[in-house]
Amino acid sequence: KELNAFLSAFTGLQRQGILDQLSDFSGARPTLRAFLSPAANNPRATEAELRQAAATVLNARRALPYAADGPVWYRGNSLENERIERGRIDAVLESLGATTMIVGHTPTDGAAITSRFEKHLLRVDVGTTYGNDIQALVIEGGSLRSFDEKNDQFVPILAEAPQGTGWSQGIQELPDEQVERLLRLGHIQSIRPLGRGSTKAQLAQIEMGTIRLRGLFKTVDKRGGTRGQGCTNSPAERYRHEVAAYKIDREIGLGMVPVTTLRTLRDTTGSMQLWVEDALDHYTVDAYHLEMKEPERLPLLRQRARIFDALIGNYSRRLSDQLYLLNTSEMLLVDHSRALCLRTELSPLLGGEDCVLEPFLRSALAALDKDRLRLLIGEYSSKKQRMALLTRRDAILELCR
């Protein structure tokens, strides 16, 4: 329906001489904006039929024929970080009863047939339009091989890195305060459901000047019952806990929680957290058998994560909430909407493992008091939650050597 409406409006404007017969969609848009502008003083712009047709063509950018995330132009399977896209691939394959999907249209880097999502997606556009040599995907006897026509031989199907190539970030070097400002005030170019998780988070594309980044917007605000506050049965889930976790992380000097701030969109307030583009979750690291640049740091990072969860009362940490920056050997922690429980028992979090507090961390924890905590997270927590946190803090200082 949208495609027919667009084509009818476009060809109608061409017949009326508003658009040139050779106009394409990109070239038509500035022409139509000028046509509708009051400054142009075009007498034909008052004709209702022409104005409606012009509006239909201009609005087509957000409709299915031209929408970047629509069925015609969507490139996320080929370019998106597998951490975001994995659920979509799994759902499509399951619905079709298939094991592998083959896509074209988006050229690969390196002019070779490649695979993604542990070989469940194959990309076969090797860029012959740009002069690259022909390759063919050969499906034979249940096996998949790539044939190089120029050299008359089979070549390996290359596995792409799971980070994807659709976004580059490079803003980790910016001060936290500047990233907070970008997340809080930047222009929202688009926003869409992330498509996974219980909090129904949305992924926003944000721009400010020449800087582009993405943020995860959460509005979940489930208070939970009395028992839920103790992290049993149905715990409270609140977007404000995301900001509180970030504030506490920075206060004690860990730097493991991505920058998070409050933001209001369309009269709805939620948390906006930086989406770190090159971070990989535990599932992907394990599935691809990847290693950090300095794997010997991993036990230390995991211990810091356990201590942090014990401090903030996060009893719901999943492996998918642990992210890794392989090149810098860092770990990031996300999804803290269920943190700040009133429960104070630490054994589920610290377990029977030997707990060692690094000197900087012991000093930072010892410096926390109720006044500092109220100043730090009073806007995002209750007095009972802060007192429970301090109780857990005291237990950590006592249990960890």
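How many residues does helix 1 have, and what span does helix 1 reach from its first C-alpha to its last? The legends below take up this point and then other regions of the structure, which is a predicted model.

View 1. Helix 1, residues 2-15, has 14 residues and reaches 20 Å from its first C-alpha to its last, which is close to the 20 Å expected at 1.5 Å a residue. Phe6, Ala9, Phe10, Gly12, Leu13 and Gln14 are the buried residues in helix 1, and what covers them includes helix 2 (25-36) and helix 3 (48-59). Just after helix 1, the backbone at Gly17 adopts a positive phi of about 80°.

**View 2. His241 in helix 7.** His241 belongs to helix 7, which covers residues 239-251. With a relative accessible area of 3%, His241 falls under the 20% limit and is therefore buried. When residues up to four places away in sequence are not counted, His241 touches His336, Ser337, Arg338, Ala339 and Leu340, together with Tyr380 and Gln385.

**View 3. The largest nonpolar core, with 66 residues.** Within this core, the residues that touch the most other members are Leu183, Ile248, Ile252, Met272, Phe308, Met331 and Ile396. Helix 9 (residues 298-312) gives the most to this core, contributing eight residues. A second, separate core of 17 residues includes Phe10, Phe25, Leu32 and Val57. In soluble globular proteins, nonpolar side chains tend to be buried together.

View 4. Strand 2 (residues 114-116) and strand 7 run parallel and are joined by two bridges, and Thr114 has Leu158 in strand 7 as its bridge partner.

**View 5. The largest pocket and its lining.** The space in the largest pocket comes to about 950 Å³. Its lining consists of 23 residues, of which Ala67, Ala68, Asp69, Ser190 and Gln205 lie nearest the centre of the pocket. At least two lining residues each are supplied by helix 4 (76-79), strand 8 (187-193), strand 9 (202-208) and strand 10 (211-218), and strand 8 gives the most to the lining, with four residues.

Note on methods: Residues numbered from 1 in each chain as written. Predicted model: local features only at pLDDT ≥ 70, side-chain atom pairs only at ≥ 80, totals over all residues. Heavy atoms only, no water. Expected span 1.5 Å × (residues − 1). Buried < 20%, exposed > 50% of the residue type's maximum accessible area, 1.4 Å probe, protein only. Contact = heavy atoms within 4.5 Å. Core = buried A, V, L, I, M, F, W, Y, C linked by side-chain atoms within 4.5 Å. Pairing = 2+ DSSP bridges. 1 Å grid on protein atoms, 1.4 Å probe; cavity = no way out; pocket = protein on both sides within 12 Å on 5 of 7 lines; lining within 4 Å. Points joined across faces, edges and corners; volume = space filled by probe spheres on them.
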